[in-house]
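Thanks for coming, everyone. Please have a look at the structure on the screen before I start.

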Amino acid sequence: MAAHDGVPLSWRPILSHILETPEARRLGGFLRAEEEAGKHIFPPRGERLTALALTPPEAVRVVILGQDPYHGAGQAHGLAFSVKDGVRIPPSLLNMFKEQERDLGLPMPRHGNLTHWAEQGVLLLNNVLTVEEGMAGSHQNMGWEAITDAAVAAVAAQETPCVFLLWGSHAQKKAARVADLHKPHHLVLTAPHPSPLSAHRGFMGCGHFSKTNAFLTENGSPPIDWKL
(Lines give C-alpha, C1' and ligand atoms only; values in the text may rest on other atoms or scores of the structure.)
Protein backbone atom coordinates (compact mmCIF):
# COMPACT_ATOMS: atom_id res chain seq x y z
CA MET A 1 0.00 0.00 0.00
CA ALA A 2 1.10 3.58 -0.60
CA ALA A 3 1.54 4.28 3.10
CA HIS A 4 4.32 1.77 3.53
CA ASP A 5 5.56 0.60 0.15
CA GLY A 6 9.17 -0.42 0.50
CA VAL A 7 9.40 -0.58 4.31
CA PRO A 8 12.97 -1.79 4.90
CA LEU A 9 13.26 -5.36 6.16
CA SER A 10 15.09 -4.21 9.29
CA TRP A 11 12.13 -2.06 10.38
CA ARG A 12 9.29 -4.43 9.47
CA PRO A 13 9.21 -6.36 12.79
CA ILE A 14 8.94 -3.02 14.59
CA LEU A 15 6.31 -1.48 12.34
CA SER A 16 4.28 -4.47 11.15
CA HIS A 17 1.61 -4.16 13.84
CA ILE A 18 1.13 -0.48 12.97
CA LEU A 19 1.04 -1.04 9.21
CA GLU A 20 -1.89 -3.44 9.53
CA THR A 21 -4.10 -1.03 11.45
CA PRO A 22 -7.10 0.80 9.95
CA GLU A 23 -5.20 4.04 10.49
CA ALA A 24 -2.38 2.90 8.22
CA ARG A 25 -4.84 1.68 5.60
CA ARG A 26 -6.55 5.06 5.65
CA LEU A 27 -3.19 6.71 5.13
CA GLY A 28 -2.56 4.54 2.09
CA GLY A 29 -5.96 5.39 0.67
CA PHE A 30 -5.46 9.09 1.33
CA LEU A 31 -2.12 9.17 -0.48
CA ARG A 32 -3.49 7.28 -3.47
CA ALA A 33 -6.47 9.63 -3.71
CA GLU A 34 -4.24 12.71 -3.52
CA GLU A 35 -2.01 11.40 -6.29
CA GLU A 36 -4.95 10.35 -8.47
CA ALA A 37 -6.34 13.87 -8.07
CA GLY A 38 -3.16 15.16 -9.66
CA LYS A 39 -1.70 16.72 -6.54
CA HIS A 40 2.07 16.89 -6.22
CA ILE A 41 3.19 14.97 -3.13
CA PHE A 42 6.71 15.29 -1.73
CA PRO A 43 8.91 13.40 -1.42
CA PRO A 44 7.96 11.18 -4.36
CA ARG A 45 7.27 7.47 -4.01
CA GLY A 46 10.45 5.54 -3.37
CA GLU A 47 11.94 8.31 -1.20
CA ARG A 48 9.39 8.60 1.60
CA LEU A 49 11.08 6.06 3.85
CA THR A 50 14.68 7.05 3.11
CA ALA A 51 15.42 7.72 6.78
CA LEU A 52 14.50 4.14 7.69
CA ALA A 53 16.26 2.67 4.67
CA LEU A 54 19.57 4.38 5.40
CA THR A 55 19.50 3.88 9.18
CA PRO A 56 18.40 0.42 10.40
CA PRO A 57 17.14 0.33 14.01
CA GLU A 58 20.19 -1.53 15.30
CA ALA A 59 22.45 1.13 13.74
CA VAL A 60 20.75 4.18 15.27
CA ARG A 61 23.07 6.17 17.52
CA VAL A 62 21.52 9.63 17.20
CA VAL A 63 17.91 10.69 16.58
CA ILE A 64 17.02 14.10 15.12
CA LEU A 65 13.28 14.69 14.83
CA GLY A 66 11.76 17.00 12.24
CA GLN A 67 8.17 18.01 11.57
CA ASP A 68 7.22 17.38 7.93
CA PRO A 69 9.07 17.40 4.61
CA TYR A 70 10.01 20.51 2.67
CA HIS A 71 7.11 21.40 0.41
CA GLY A 72 9.02 22.91 -2.51
CA ALA A 73 9.66 20.98 -5.71
CA GLY A 74 12.90 19.00 -5.69
CA GLN A 75 13.75 19.62 -2.02
CA ALA A 76 12.57 16.70 0.12
CA HIS A 77 14.10 13.25 -0.25
CA GLY A 78 13.07 11.48 2.93
CA LEU A 79 15.55 12.80 5.50
CA ALA A 80 14.54 15.44 8.04
CA PHE A 81 16.18 18.83 7.42
CA SER A 82 18.03 17.47 4.36
CA VAL A 83 17.70 18.58 0.74
CA LYS A 84 18.88 17.03 -2.49
CA ASP A 85 22.20 17.96 -4.03
CA GLY A 86 22.08 21.19 -5.96
CA VAL A 87 19.16 22.59 -3.92
CA ARG A 88 19.63 25.82 -1.99
CA ILE A 89 20.27 25.16 1.72
CA PRO A 90 17.09 26.05 3.69
CA PRO A 91 17.33 28.55 6.58
CA SER A 92 16.94 26.03 9.42
CA LEU A 93 19.63 23.76 7.99
CA LEU A 94 21.86 26.76 7.42
CA ASN A 95 21.57 27.60 11.13
CA MET A 96 22.49 24.00 11.97
CA PHE A 97 25.62 24.38 9.86
CA LYS A 98 26.43 27.71 11.52
CA GLU A 99 26.21 26.05 14.94
CA GLN A 100 28.45 23.24 13.76
CA GLU A 101 30.97 25.79 12.54
CA ARG A 102 30.91 27.50 15.94
CA ASP A 103 30.83 24.27 17.95
CA LEU A 104 33.22 22.06 15.98
CA GLY A 105 35.11 24.45 13.73
CA LEU A 106 33.78 22.76 10.61
CA PRO A 107 33.68 24.62 7.30
CA MET A 108 30.27 25.56 5.93
CA PRO A 109 29.06 22.81 3.58
CA ARG A 110 28.34 23.61 -0.03
CA HIS A 111 25.25 21.40 -0.07
CA GLY A 112 22.48 20.30 2.27
CA ASN A 113 22.33 16.56 1.58
CA LEU A 114 22.60 14.82 4.97
CA THR A 115 22.88 11.26 3.65
CA HIS A 116 26.41 11.04 5.12
CA TRP A 117 24.93 11.54 8.61
CA ALA A 118 22.20 8.96 8.09
CA GLU A 119 24.69 6.35 6.93
CA GLN A 120 26.56 6.74 10.23
CA GLY A 121 23.52 6.06 12.41
CA VAL A 122 21.81 9.46 12.61
CA LEU A 123 18.08 8.81 12.23
CA LEU A 124 16.74 11.92 10.50
CA LEU A 125 13.04 11.27 10.96
CA ASN A 126 10.17 13.63 10.29
CA ASN A 127 6.96 13.27 12.27
CA VAL A 128 4.99 13.22 9.00
CA LEU A 129 6.62 11.73 5.91
CA THR A 130 4.71 13.41 3.07
CA VAL A 131 3.36 16.85 2.21
CA GLU A 132 1.43 18.49 -0.61
CA GLU A 133 3.39 20.95 -2.72
CA GLY A 134 3.30 24.43 -1.26
CA MET A 135 1.21 23.42 1.77
CA ALA A 136 3.25 22.94 4.93
CA GLY A 137 1.63 20.56 7.41
CA SER A 138 -0.99 19.42 4.91
CA HIS A 139 -0.59 15.70 5.75
CA GLN A 140 -0.60 16.00 9.51
CA ASN A 141 -3.05 13.74 11.37
CA MET A 142 -3.46 11.46 8.36
CA GLY A 143 -1.74 8.45 9.94
CA TRP A 144 2.00 8.97 9.60
CA GLU A 145 2.36 9.90 13.26
CA ALA A 146 1.54 6.41 14.49
CA ILE A 147 4.25 4.94 12.27
CA THR A 148 6.95 7.42 13.26
CA ASP A 149 5.94 7.21 16.94
CA ALA A 150 6.54 3.46 16.77
CA ALA A 151 9.94 3.94 15.18
CA VAL A 152 11.08 6.42 17.84
CA ALA A 153 9.71 4.28 20.66
CA ALA A 154 11.60 1.26 19.34
CA VAL A 155 14.87 3.17 19.34
CA ALA A 156 14.23 4.44 22.85
CA ALA A 157 13.59 0.88 24.05
CA GLN A 158 16.97 -0.36 22.82
CA GLU A 159 19.78 -0.86 25.29
CA THR A 160 22.41 0.73 23.06
CA PRO A 161 23.14 4.28 24.32
CA CYS A 162 21.61 6.80 21.94
CA VAL A 163 21.45 10.59 21.72
CA PHE A 164 18.10 12.28 21.14
CA LEU A 165 18.41 15.81 19.77
CA LEU A 166 15.05 17.45 20.35
CA TRP A 167 14.91 20.88 18.74
CA GLY A 168 11.74 22.86 19.29
CA SER A 169 8.53 22.10 21.15
CA HIS A 170 7.17 19.89 18.37
CA ALA A 171 10.04 17.39 18.61
CA GLN A 172 10.02 17.52 22.40
CA LYS A 173 6.28 16.78 22.57
CA LYS A 174 6.62 13.86 20.16
CA ALA A 175 9.41 12.30 22.15
CA ALA A 176 7.50 12.70 25.41
CA ARG A 177 4.45 11.10 23.81
CA VAL A 178 6.08 7.92 22.56
CA ALA A 179 8.43 6.84 25.33
CA ASP A 180 10.33 7.67 28.47
CA LEU A 181 13.55 8.76 26.83
CA HIS A 182 15.17 9.74 30.09
CA LYS A 183 16.65 6.31 30.65
CA PRO A 184 20.10 6.46 32.19
CA HIS A 185 21.81 4.98 29.14
CA HIS A 186 20.41 7.59 26.71
CA LEU A 187 21.30 11.26 26.38
CA VAL A 188 18.44 13.68 25.70
CA LEU A 189 19.40 17.19 24.59
CA THR A 190 16.81 19.90 24.04
CA ALA A 191 17.03 23.33 22.42
CA PRO A 192 14.85 25.76 20.48
CA HIS A 193 14.24 24.92 16.82
CA PRO A 194 17.00 26.05 14.40
CA SER A 195 14.43 28.05 12.43
CA PRO A 196 15.37 31.74 11.97
CA LEU A 197 12.32 32.53 14.14
CA SER A 198 13.74 30.77 17.19
CA ALA A 199 17.41 29.83 16.67
CA HIS A 200 18.60 32.93 18.53
CA ARG A 201 16.72 31.81 21.65
CA GLY A 202 19.21 29.10 22.47
CA PHE A 203 19.84 26.85 19.51
CA MET A 204 22.84 28.90 18.50
CA GLY A 205 25.45 28.10 21.11
CA CYS A 206 23.80 24.88 22.34
CA GLY A 207 26.87 22.76 21.53
CA HIS A 208 24.78 19.71 20.75
CA PHE A 209 27.10 18.36 18.07
CA SER A 210 30.16 18.23 20.31
CA LYS A 211 28.09 16.97 23.26
CA THR A 212 26.75 14.17 21.08
CA ASN A 213 30.22 13.05 20.06
CA ALA A 214 31.52 13.25 23.62
CA PHE A 215 28.69 10.99 24.81
CA LEU A 216 29.19 8.47 22.00
CA THR A 217 32.92 8.30 22.68
CA GLU A 218 32.36 7.83 26.41
CA ASN A 219 30.09 4.89 25.62
CA GLY A 220 32.51 3.16 23.28
CA SER A 221 30.90 4.28 20.03
CA PRO A 222 32.70 6.17 17.26
CA PRO A 223 31.86 9.87 17.03
CA ILE A 224 29.72 11.13 14.17
CA ASP A 225 31.67 12.68 11.32
CA TRP A 226 29.44 15.73 10.85
CA LYS A 227 31.52 17.15 8.03
CA LEU A 228 29.81 17.12 4.63
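First, the ground rules. This is a predicted model: local features need pLDDT of at least 70, side-chain atom pairs count only at pLDDT 80 or more, and totals for chains, interfaces and linings use all residues. Residues are numbered from 1 along each chain as its sequence is written, and side-chain values use heavy atoms, with hydrogens and water left out.

Start with helix α6, residues 144-157. Helices here are DSSP runs of H or I, at least four residues, and strands are runs of E, at least two, numbered from the N terminus. How far apart are the end C-alpha atoms of α6? They are 20 Å apart, which agrees with the 20 Å that 14 residues should span at 1.5 Å a residue. That expected span is 1.5 Å times one less than the number of residues.

Now burial. Buried means under 20% relative accessible area, exposed over 50%, and partly exposed in between, with a 1.4 Å probe and protein chains only. Twelve of the 14 residues of α6 are buried, so the helix is largely enclosed by the rest of the structure. Among them are Trp-144, Ile-147 and Val-155.

Glu-145 also lies in α6. Glu-145 counts as buried, at 13% relative accessibility. A polar atom of its side chain lies 2.7 Å from the backbone nitrogen of Asn-141. Leaving out residues up to four places away in sequence, Glu-145 touches Asn-127, Val-128, Gln-140, Lys-174 and Arg-177. Contact means heavy atoms within 4.5 Å.

Next, Gln-67. It sits in the loop between β2 (62-66) and α4 (91-104). Buried or partly exposed? Gln-67 is partly exposed, at 33% relative accessible area. Gln-67 and Lys-173 are 106 residues apart in sequence, and 11 Å apart in space, C-alpha to C-alpha.

Last, the spaces. On a 1 Å grid over the protein atoms alone, a cavity is a set of points where a 1.4 Å probe fits but cannot get out; a pocket is an open set with protein on both sides within 12 Å along at least five of seven lines; lining residues have an atom within 4 Å of a point.

The largest pocket is lined by 19 residues. Asp-68, Pro-69, Tyr-70, Ser-92 and His-193 lie nearest its centre. The largest cavity is lined by 13 residues, with Pro-43, Pro-69, Gly-78, Leu-79 and Asn-126 closest to its centre.

Terms used: A polar contact is a pair of N or O atoms within 3.5 Å; within protein, one must be able to donate a hydrogen and the other to accept it, and residues adjacent in sequence count only if both atoms are side-chain atoms.
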